[in-house]
Amino acid sequence: MNRSKCILLALAVTGLLSAAGCSTSQTESEVKEPEITDPATITFDWQNAYENKLKDFMSSDKYLANKKGSIGQSMFEIRDLDGDDTPELIISPDTDLATPCEIYTYSASTLSPAGEIGNYGTFRYYPDIHILGNEYEGQGFMLGKFVNIEEGVLNEVMSYSDNTASASSGATIFHEINGEDVSRIEFDAALADFNNNFSFNAGRKCTFGEKSIHEAVRCAYGWGGALNDSQKELCRNLLTEANNNAVNANRNAAFEFCDLNADLIPELLISDGTEEGALCHIYYFSGEELIELEGSYGAYGQISFDIGCNVFYSVGATGTSYWSLGAESFSAADYKASDSIIDCGRLFELSEKNIEKALSAGSDGTDTETDEAE
């Protein structure tokens with residue numbers, strides 16, 4: 001699809017009408033076609049191990065290909081949880097209450113299990129302090145813990161428990177930190193050290209489809225590095241401006257590259273935050289410009305992208321909206337989801353470090369390998 005003739009097919013929605021399109025007056029002859037680099041050619045040494053582990057899991061009895069009653073299907077995520085610039089692999093077997101996420105690390109050419117954490121197939125992640133959290137609320141009590149990853153394994157930083165909710169039943173109230181009784185003031189202060197930081201639920205970004213596995217393992221961390229120098233500078237300038245605006249507005253912004261129309265030229269997604277009304281802004285390359293796609297997209301600061309159908313959508317309080325940049329024709333009424341869906345928009349928390357990290361992917365030979373996927 002030529003970027004000067006970018007046409008957004010806005011589809012029928014449930015409870016929400018959205019108009020969208022590309023605003024540019026350039027003609028086809030005025031637009032210089034950019035260089036194209038397949039992000040899968042920018043390789044990292046963890047990719048083969050993670051891809052093999054995902055395939056092994058799909059062959060296990062834990063794998064749930066489809067939703068079963070109220071229990072969600074298996075999903076996964078690849079995200080840097082300890083800040084060492086090598087992402088961890090997170091597998092969420094399902095969404096049952098008792099189901100934790102399985103976390104794997106990669107170091108010295110070895111894939112290792114780091115441990116399990118969470119319930120309902122997710123856990124709370126605090127990116128600014130690289131902490132993973134999990135809390136369980138029972139009848140009249142709660143218990144939880146915070147962990148980090150040290151030397152490839154989950155290391156408990158703090159545990160806590162409290163039964164304040166049982167006060168009306170006449171129970172003796174206790175507050176515990178690391179197994180020791182503390183005052184309510186001390187208890188609240190200890191939790192605030194963690195909970196005052198931004199956090200989100202992690203573990204369920206991608207379905208186990210062939211195309212979503214390929215995107216998450218082979219492309220997601222290489223898109224920025226696949227851009228040419230001019231495109232990188234456009235992205236750097238835009239992301240830097242967005243970061244400054246987010247800091248001034250105290251927003252938890254994030255960004256991600258994603259190819260929404262299968263032309264091997266990624267769109268840049270910038271997320272306003274994680275609140276329900278937070279948008280996901282979509283920018284596309286047109287010649288020497290990076291232009292925002294007209295319209296309003298996303299809910300909770302992200303969109304869901306069906307790679308198998310080149311359809312993206314968002315689910316909000318008023319319904320679901322569907323769009324396509326890559327289909328010649330599309331009808332929401334006829335849309336049937338593929339098995340390859342990824343939530344997009346928030347792979348990287350927006351910061352100066354992450355901007356350079358995303359745009360320099362593959363530029364340092366010590367971080368990549370040249371072997372093709374097995």
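## Open sheet

In this predicted model, 7 strands form an open sheet in the order β11-β10-β9-β8-β7-β6-β12. Pairing is antiparallel. Two strands pair if DSSP finds at least two bridges between them. Strands are DSSP runs of E, at least two residues, and helices are runs of H or I, at least four residues; both are numbered from the N terminus. The edge strands are β11 (180–181) and β12 (200–202), each pairing on one side only.

Inside this order, β7 (residues 131–137) pairs with β8 (residues 142–150) over 6 bridges, in the antiparallel sense. Tyrosine 136 has leucine 143 of β8 as its bridge partner.

## Helix across the sheet

Helix α2 (residues 184–195) lies across β6 (123–126), β7, β8, β9 (153–162) and β10 (175–177). It runs at about 145° to β9. Axes are lines fitted to C-alpha atoms, for helices over the stretch in contact; angles run from 0 to 180 degrees between N-to-C directions. Contact means heavy atoms within 4.5 Å.

## Helix pair

Helices α1 (residues 47–58) and α3 (residues 210–219) pack at about 155°, with axes 9 Å apart. They are therefore roughly antiparallel (angles over 145 degrees). Gln47, Asn48, Glu51, Leu54 and Met58 of α1 meet Ile213, Val217 and Arg218 of α3 in the contact.

By class, that contact has 4 nonpolar, 2 polar and 2 charged residues. Ala, Val, Leu, Ile, Met, Phe, Trp, Tyr, Cys and Pro count as nonpolar; Asp, Glu, Lys and Arg as charged; the others, Gly among them, as polar.

## Basis

Residues are numbered from 1 along each chain as its sequence is written, and side-chain values use heavy atoms, without hydrogens and water. Because the model is predicted, local features need pLDDT of at least 70 and side-chain atom pairs count only at pLDDT 80 or more, while totals for chains, interfaces and linings use all residues.

Key
Angles under 35 degrees count as roughly parallel, over 145 as roughly antiparallel, 65 to 115 as roughly perpendicular and the rest as oblique.
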